[in-house]
Amino acid sequence: MTESLDQIFVTLKHWLLSGFENLLKWLEVAPPDWLMPLVSMVLSLAPILMVFPALFAITTVLERKGLGRIQNRYGPNRVGPFGFLQFAADGIKAIIKEDLVPRAADKIFHFIAPVILVITAFTVYAVLPFGRNMVAVDLDAGLLFFFAVGAASELAVFMAGWSSRNKYALLGAMRAVAQMVSYEIPLILSSVAVVMITGTLSLTKIVEAQSTHAGLLPDWFVFTPWGFMGFALFMIAANAELNRSPFDLPEGESEIIAGYFIEYSGFKFALFFLSEYLSMFALSGLGITLFLGGWNAPFAVLDFIPSWAWFFAKLLALIFLFIWTRGTLPRLRQDQLMNLAWKFMIPMVLVNLVAAALWHFTGPGWMRWLSSGALVVGAYMLLGKPQFESKDIGKRTYRFAD
Amino acid sequence: MTLPFAIIAVLIVAAASAAMTLRNLVHSALAVAVAFGGLALAYLYLDAQFVGLAQILVYVGAVAILIVFAVLLTRGGEAPEKSIFSATWFWGLLITVAVFATLAWCVMHSFASKREPADKVEVTVKQIGDALMTKFVLPLEVIGLLLTAALIGAVIIAMREEKK
């Protein structure tokens, strides 16, 4: 029972595939060689194309409700029960709005920039394992594929900003590209630690490496000194890569209005949002795969819950984390942004690599915890603490409206 | 020659010639990015997963961005008014064709082209990593040193000069 529930989507796919084959046989059509792999691929990809945009719709409402709660207001509360159908209203609005293109804009690039963004955002899902046996393409270099495709989106952001022929758009694009290039280094290097330990770039094998339970805690990499630091750095870098608050300088409503997508309206504007949220889910999924044990259950007793449910539960938890950060932290200044990347994150990930190597070569036992942990904590004390030490600004006081 | 290879080859050549002939420099830079992507496709088509993906990561993700930034920071990105070709383009073309013909002739008659193609081997990323860390560790370290020197040089150039 547990087994079949766990594999329900895999079984469904095989059932549909054999059904299609039988249909062809019944119609007495000999399928060409390329047909069956193609159908199999479509059956693997169609759920991705349906589930994640649906999650996007839900997340927009959850985010606005969550931010509303954090900022002491209601958030959307008019459409549907508790405003939960707001996404439908927003979607219809985006479709029927006029699509304005500036007269001076570079028409071709203005059009393909959001398309490329959405395509790259969708493509990275191909290598993410959502559950046991649930990965669209099990690439040997899956992690590299993820980052390579993600890197292509930077060019799309630049295209959007440059082709709009608007100084705010160009400023936003320059900021976005500078930020994405800077934070890509800690993002990639923090995952390199995992590659060093597991010795593989295949995401399914990385998940398998975390499937055992040793003692109380599962063998997830987040429960090691280097893994914990790596996960923290990964999430910060992911947040910056997504241009989300507190790293939303490229969009900075109060300075450059909306940054690189200022000249987009209607559905193209919605595409920018879609790609941002899809990338958020994808990066969260990668973080889960690398550090949070992928689709593995935290305790052996909980194995009866299907693997895909664990993946999506973790995904929702990380989405909550993103919303929480957005509602809590104020936007950074440009110099603070670059200082954080080059003076803290990059030295820190390099030390983290050494910590991972120590962990690997010390062998099991308390020594590895001590050596690797001491290195990570020491590096943080040296690099991070002096930078983040808050200046004395006095006791915080609250003033409530009467 | 197979059909996928022909498509990829046409894509690369078209993008590369677009990069040369387009009037707007930013368009040229983006065409170069397409050519880089086409090369990556060629590598992937030859089953060289690691090289292909690294090509996208490094060239499309970093080098193309660098070119675009350089163009934007040095000139306005406006299309030039007059012709972008130099007056001696005919002689340039002639020399290029001659050089290409010589190189092509050499390659066609070389020892390497007469060799039997090796059996198809599955190269995993792990094998590449092992080779880099054992057989090719010296070149790797030299490149690392070179890049570190370049990084420090960039920081020195970017640093604000202290007034004496």
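## The loop between α9 and α10 of chain A

Let's start with A:Asn243, which sits in the loop between α9 and α10 of chain A. Keep in mind that this is a predicted model. A:Asn243 isn't a glycine, yet its phi is positive, at about 60 degrees. A:Asn243 counts as buried because it has 23 C-beta neighbours inside 10 Å, and the cut-off for buried is 20 or more.

A:Pro246 lies in that loop between α9 and α10 too. The peptide bond joining A:Ser245 to A:Pro246 is cis, with omega at about 5 degrees.

Now for A:Leu249, found in the loop between α9 (225-241) and α10 (253-256) of chain A. Is A:Leu249 buried or exposed? A:Leu249 has 24 C-beta neighbours inside 10 Å, so it counts as buried. Leaving out residues up to four places away in sequence, A:Leu249 touches A:Arg175, A:Gln179, A:Arg331, A:Leu332, A:Gln334 and A:Leu337. How far is A:Leu249 from A:Val301? The two are 52 residues apart in sequence, and in space they are 45 Å apart, going from C-alpha to C-alpha.

## Helix α3 of chain A

Next up is helix α3 of chain A, which covers residues 35-70 and has 36 residues. From its first C-alpha to its last, this helix reaches 52 Å, close to the 52 Å expected at 1.5 Å a residue. Just after α3(A) comes A:Asn72, with a positive phi of about 60 degrees.

Which residues of α3(A) are buried? They are A:Phe52, A:Thr59 and A:Val61. The cover over these buried residues includes α4 (86-96), α11 (266-291) and α12 (307-328), which belong to chain A.

## A look at chain B

Chain B is built from seven helices and zero strands. Read from the N terminus on, its elements go α-α-α-α-α-α-α. The chain has 164 residues, and 17% of them are buried. Take the contacts in chain B with a separation of 6 or more: 53% of these come from residues 24 or more positions apart.

B:Asp47 has a positive phi, near 65 degrees, and is a residue other than glycine.

## Where the two chains meet

The contact between the chains takes 19 residues from chain A and 17 residues from chain B. On the chain B side, the elements giving two or more residues are α2 (25-45), α3 (49-74) and α6 (125-133). The most comes from α3(B), with 11 residues. That side of chain B is made up of 13 nonpolar residues, three polar and one charged.

So who does α3(B) meet? One partner is helix α6 of chain A (residues 142-163); the two axes come within 9 Å and cross at roughly 20 degrees. An angle under 35 degrees counts as roughly parallel, so α6(A) is roughly parallel to α3(B). The crossing of α6(A) and α3(B) is left-handed. Residues of α6(A) in this meeting include A:Phe145, A:Ala148 and A:Leu155, while those of α3(B) include B:Leu53, B:Val60 and B:Ile65. The contact of α6(A) with α3(B) divides into 17 nonpolar residues, one polar and one charged.

Key:
Residues numbered from 1 in each chain as written. Chains lettered and ligands numbered in written order. Predicted model: local features only at pLDDT ≥ 70, side-chain atom pairs only at ≥ 80, totals over all residues. Helix = DSSP H or I, 4+ residues; strand = E, 2+ residues; numbered from the N terminus. Expected span 1.5 Å × (residues − 1). Buried ≥ 20, exposed ≤ 12 C-beta atoms within 10 Å, placed from the backbone. Contact = placed C-beta atoms within 7 Å. Nonpolar A, V, L, I, M, F, W, Y, C, P; charged D, E, K, R; others polar. Axes fitted to C-alpha atoms, helices over the stretch in contact; angles between N-to-C directions. Parallel < 35°, antiparallel > 145°, perpendicular 65-115°, else oblique. Left-handed = near helix turned anticlockwise from the far one by under 90°.
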